[in-house]
Amino acid sequence: MPSVPVDPRVRRHRVALNLCFAIPGVSLATWVTRTPDVRDGLGASTAEMGLVLFGMSIGSMLGILAAGGLVARHATRPVIIAGMTLVLAGVGVVALGTGASVALLVACGLMFVGAGIGLSEVASNVAGVHVERQMGRPVLPMMHGCYSLGTVVGAGLGVAGAAVDFPVPWHLVIVLALLVAVFAYAIPGLRPGVGGTGTDEAGPVRERRLYLNPRLLLIGVVVFGVTLAEGAATDWLPLLMVDGHDMPAGLGSLVYTGFAATMAAGRFAGGPVVARFGRAKVLGAGALLTAAGIALVSFVDNPATAGCAVLLWGLGTSLGFPLALSAAGESGPDTAARVALTSRIGYVALLAGPPCLGFLGDHNGLRTAMLPVLALMLLAAAVSPATAPRPAPSLPAPRRETAKREEDQPS
């Protein structure tokens, strides 16, 4: 992307979007790190806790399904604000349900959080693609890096709260107050973004047409592979290290922390790398790096090698989702519809893929269960050239010469 002068309002918009990526990360990680305490407070069994967690999955899918049409009708700003409001309200409801020991209330709160994340992430990604065009350089990797940084901050707060046995409801209330202050600071910087046509240009008919777009389908393959690789690590990596490589539980969690930290570092450092080598090359190299990490974890029976290979896994996966979304937004007209559709493919892989891997791992072991992810990453590397920017159209040489002669003629 060529460098262009940037309006200060665009820079402020970018900062606001960074914060809107970080807020869900903090919220989600805070909840995840306190789930054992929430379970004990509710007196819930593992099966009952699974039903409580199902509330977030339902909310996430509802938010993702609605986001594209809402962005098309109302533009990105109101959808981001609505999503963030749902996230914050959900955290409050979870705090209330935890304090009252009412599992249904906690599930409803998680459904609000999931719906808010689904809405805001799709709208924020659409807005991020628009900001990239305005700034003339990649910014989505850093925005997703802010989400990763938010998860690190939220996890740190959660671990600290659990270590001192701080009451979960008050912990959530304090985090909520901080997030409300951050969001209040971000709102004035949010610009209308794209969409807002008053019509549902991301509706069912339009999306069916996009599903038939060959280039967008190839980008969807990349998105499905990289998000499944990320989801597989998030959901199964500690158990994969413990059950598959006989690591102690604490060391398995530490390996996952290394994965998350490597992903965050890759996203923050990725912008200049993409600007130098190009999106398609970085995506292809990242897919191969992820495949190498998964192969070492699956085939090499050595805990130290597996622990180091996870860092390759995290680094290779880090830029996949944001870069693929950038490619989808530039693949043709109707940016909101294209990014919403591609995001949906990614979130389906993120939400539905890991449970399927768990079923496979229950029968064949988790190391074997990662082999389909390895195959998808090799496929993603093979089709990554489809994510390269299209060259700008130019006039044929004879037409340019004719236009030049017409300009030279006296009027």
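## A tour of some buried and exposed residues

Cys146 is buried, with a relative accessible area of 12% (buried means under 20%, exposed over 50%, and partly exposed in between, using a 1.4 Å probe and protein chains only). Before going on, note that this is a predicted model: local features need pLDDT of at least 70, side-chain atom pairs count only at pLDDT 80 or more, and totals for chains, interfaces and linings use all residues. Residues are numbered from 1 along each chain as its sequence is written, and side-chain values use heavy atoms, with hydrogens and water left out.

Cys20 is buried too, at 2% relative accessible area. How many disulfides does the structure hold? The count is 0 (a disulfide is a pair of cysteine sulfur atoms within 2.5 Å).

Now for Arg34. You'll find Arg34 in the loop between α1 (8–33) and α2 (35–42) (helices are DSSP runs of H or I with at least four residues, strands are runs of E with at least two, and both are numbered from the N terminus). Is Arg34 buried or exposed? Arg34 counts as buried, because its relative accessibility is 1%.

Thr98 sits in helix α4 (residues 76–100), and its side chain reaches the backbone oxygen of Val94 at 2.7 Å.

What about rings? A search of the whole structure finds 1 aromatic pair. Phe259 and Trp313 form that pair, edge-to-face, 6.3 Å centre to centre with 80° between the planes (rings of Phe, Tyr and Trp, using its six-membered ring, pair if their centres lie within 6.5 Å; planes under 30 degrees apart count as stacked, over 60 as edge-to-face and the rest as tilted). The pair links distant parts of the chain: Phe259 is in helix α10 (residues 249–277) and Trp313 in helix α12 (residues 303–318), 54 residues apart.

Met241 touches several residues beyond four places in sequence, among them Asp246, Val255 and Val310.

Asp246 is also one to check for its backbone: its phi is near 55°, a positive value in a residue other than glycine. Ala75 is another non-glycine with a positive phi, about 75°. For background, most residues other than glycine have a negative phi. Ala75 lies in the loop between α3 (46–74) and α4, while Asp246 is in the loop between α9 (214–245) and α10.

Here is how some of these residues sit:

| Residue | Relative accessible area | Class |
|---|---|---|
| Thr98 | 9% | buried |
| Phe259 | 1% | buried |
| Trp313 | 0% | buried |
| Ala75 | 8% | buried |
| Asp246 | 68% | exposed |

Methods:
Contact means heavy atoms within 4.5 Å. A polar contact is a pair of N or O atoms within 3.5 Å; within protein, one must be able to donate a hydrogen and the other to accept it, and residues adjacent in sequence count only if both atoms are side-chain atoms.
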